[in-house]
Amino acid sequence: MEFMVDSERCVRCGACIQECPTGLLIMGDESPKKGRGGCILCGHCVAVCPTEAIDYDGTPRAQQVDLRDYKTLSAEEAELFLRSRRSVRQFSKKQVSKEEITRLLNVARMAPTSTNTQGVSYMVIQNPETIAKIRQHVTTWMESMSKLYAQMRIYYRTITLYEKTHNRDPLFHEAPTLVFALAPKRNFERGLESSHFCLSYAELFAPSLGLGTCWSGFAEYCGKVDYEPLVELLQIPDDKRIGGAIVVGYPTHTFRRAPERRPLEVTFDK
Ligand SMILES: Cc1cc2nc3c(=O)[nH]c(=O)nc-3n(C[C@H](O)[C@H](O)[C@H](O)COP(=O)(O)O)c2cc1C
């Protein structure tokens, strides 16, 4: 990969060197240059340069979004933005367009991942019959697990009771879209984390598109143990595994208040 510096523009501030997470960049006689080491393609060297002196074909400036006019949210706005996100469990029948889902997932993929490994892909299910089959597989898997694990017994009882009482789907909440995050099987622990970070970004971005989301933990748990009927149905590639699942749709209700959580627990060293 080629690292290009316009030495006439470079003010030798060293920001690119300081921000490079792997220490690859060093100061040369006129400007920064590649030293020894690797690159994780984070793009920081190009993104931080105050004079646009640096470009790198691994992370071209032309593909980076210009943030110079971006005004950071005030602390109050940011707090409300984060606190106003809710798990949505009531959706209108309106389908979410492919364009909107793509827009949502294009932001999801911007989430941080360990050493910038990224690697999360997505499977979007919108066919109601397929969603119903997935639900059936997940329910069957939960039933079988409930014979082995007390906690699963509680979950299984809860969802069957819910379904009986309300005559509604307790797994996917009758949402029109189900999104699976898939991560490489190799080093799956990391991929699982990455899937969660990416879906969390999707959850946070969704309300700005008028969308609501809810995690589907049981579909994830069933997928991440490679439950054969689910893997078969979805044709999950051999080298990938389900790392997370969310439902997406247009919410029926508006939340008027942001609930409190347990009190903050924190310690400081002094
Ligand atoms: C990993 C994960 C799995 C979850 N699984 C489910 C689920 O299977 N069904 C569901 O209704 N909610 C699920 N949730 C949503 C939580 O219940 C919800 O985040 C929590 O009650 C707090 O509510 P809030 O998201 O509205 O703040 C899950 C959340 C996470 C983070």
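Which residues are around the ligand? They are Arg86, Ser87, Arg89, Cys214, Trp215, Ser216, Gly217 and Phe218, where a residue counts as near a molecule if its C-beta atom, placed from the backbone, lies within 6 Å of it.

## About the model

This is a predicted model, in which local features need pLDDT of at least 70, side-chain atom pairs count only at pLDDT 80 or more, and totals for chains, interfaces and linings use all residues. Residues are numbered from 1 along each chain as its sequence is written.

## Ligand shell

Strand E7 (212-215) and helix H8 (217-224) are the elements that give two or more residues to the shell around the ligand. Helices (H or I, at least four residues) and strands (E, at least two) are DSSP runs, numbered from the N terminus.

## Overall layout

The chain has 9 helices and 8 strands, and its C-alpha atoms fill a box of roughly 75 × 50 × 45 Å along the principal axes. Of its 270 residues, 26% are buried (20 or more other C-beta atoms within 10 Å of the residue's own, with C-beta atoms placed from the backbone).

## The largest core

A nonpolar core is a set of buried Ala, Val, Leu, Ile, Met, Phe, Trp, Tyr and Cys residues joined through C-beta atoms within 7 Å. The largest one holds 40 residues, and Leu104, Val138, Leu178, Ala202, Ile246 and Val248 touch the most other members. Strand E6 (177-184) is among the elements that give two or more residues to this core, and E6 provides its largest share, 6 residues.

Leu104 touches Ala202, Phe205, Ala206, Leu209, Leu211 and Val248, leaving aside residues up to four places away in sequence; contact here means C-beta atoms, placed from the backbone, within 7 Å.

In E6, 7 of the 8 residues are buried. E6 runs antiparallel to strand E5 (residues 121-125), with 5 bridges, and Tyr122 stands opposite Ala181. On to E8: 8 bridges join this strand to E6, again antiparallel, and Phe180 stands opposite Ala245.

Helix H7 has 18 residues and reaches 25 Å from first C-alpha to last, close to the 26 Å expected at 1.5 Å a residue (1.5 Å times one less than the number of residues). Its buried residues include Gly191, Cys198 and Ala202, and their cover includes H4, E6, E7 and E8.

Key:
Buried ≥ 20, exposed ≤ 12 C-beta atoms within 10 Å, placed from the backbone. Contact = placed C-beta atoms within 7 Å. Pairing = 2+ DSSP bridges.
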